[in-house]
Amino acid sequence: MPTPPCAAVFPPVDALVAEQRLIVARLIACGVPARDREDLLQIVLVAAWRAIQSGRYRPDPRADPRRALHAWLQGITWRQAGHHLGRAQVRREVPVDDPRALVDEGSVDPTGRLLARAALRALAELPAHRRVLLLAAAGPRTVTAHARAHGLAPATAARRLRLARKALARRIARRLW
């Protein structure tokens with residue numbers, strides 16, 4: 001049998017105002033910057049008061065009234081902080097007409113892209129054993145770990161890596177000239 005809904009409770013506004021420290025503590029825990037806490041405190045208090053006035057505060061009558069109010073206010077605070085932190089001006093996003101105007105000219109230089117493409121094509125043309133070794137050396141594992149995994153002596157792997165780098169450099173130089 002479902003439990004009947006709890007009756008609406010209308011605590012005085014003083015009870016809400018008395019819980020400001022709890023609300024501010026929750027705002028801090030949610031990561032709200034200090035510059036925004038006072039404003040958000042007021043938003044939480046107004047939202048809670050409006051909810052009380054509309055009859056949406058319905059605590060369990062068996063619960064301690066102050067604990068029920070604390071839990072309810074923390075929920076409102078958490079939601080309001082989430083809404084606030086999701087706003088663009090809080091994230092420091094500024095809408096602009098031309099986003100490329102904010103980008104440094106050096107980062108959109110097509111020469112770098114062309115060089116990178118040439119290097120990738122040269123890498124793709126290498127024999128598979130050299131390509132695998134070069135990619136392994138570029139990854140998080142050491143050449144020694146790669147050598148052990150493939151049953152090679154570390155010195156052999158290092159020599160093969162040097163040869164693979166030279167072969168790649170020659171191919172890149174040929175592509176560029």
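Glu19 sits in the loop that links H1 to helix H2 (20-30); helices (H or I, at least four residues) and strands (E, at least two) are DSSP runs, numbered from the N terminus. The model is predicted: local features need pLDDT of at least 70, side-chain atom pairs count only at pLDDT 80 or more, and totals for chains, interfaces and linings use all residues. Residues are numbered from 1 along each chain as its sequence is written, and side-chain values use heavy atoms, with hydrogens and water left out.

**Overall fold**
- The protein chain has 8 helices and 0 strands, in the order α-α-α-α-α-α-α-α from the N terminus.
- Of its 177 residues, 24% count as buried (under 20% relative accessible area; exposed is over 50%, partly exposed in between; 1.4 Å probe, protein chains only).
- Taking contacts (heavy atoms within 4.5 Å) between residues at least 6 apart in sequence, 70% join residues at least 24 apart.

**Glu19 and its surroundings**
- Glu19 counts as buried because its relative accessibility is 5%.
- Leaving aside residues up to four places away in sequence, Glu19 touches Arg66, Leu69, His70 and Leu73.

**Surface patches**
- Patches consist of residues with over 30% relative accessible area and no salt bridge, like charges being joined within 9 Å and nonpolar side chains (Val, Leu, Ile, Met, Phe, Trp, Tyr) within 5 Å.
- A salt bridge is a side-chain nitrogen of Lys or Arg within 4 Å of a carboxyl oxygen of Asp or Glu.
- Val13, Val17 and Trp49 make up a nonpolar surface patch with about 230 Å² of accessible area together.
- Arg159, Arg160, Arg162, Lys166, Arg170 and Arg174 form a positive patch (Lys and Arg count as positive, Asp and Glu as negative; His and the chain ends are not counted).
- Charges are placed at NZ of Lys, CZ of Arg, CG of Asp or CD of Glu.
- Lys166 lies in helix H8 (residues 154-176) and counts as exposed, since its relative accessibility is 52%.

**Arg121 and Arg171**
- Arg121 is part of helix H5 (residues 110-125), and at 47% relative accessibility Arg121 is partly exposed.
- Arg121 and Arg171 are 50 residues apart along the chain, with 9.1 Å between their C-alpha atoms.

Technical notes: Areas by Shrake-Rupley, 256 points an atom, 1.4 Å probe, with all protein chains shown as cover.
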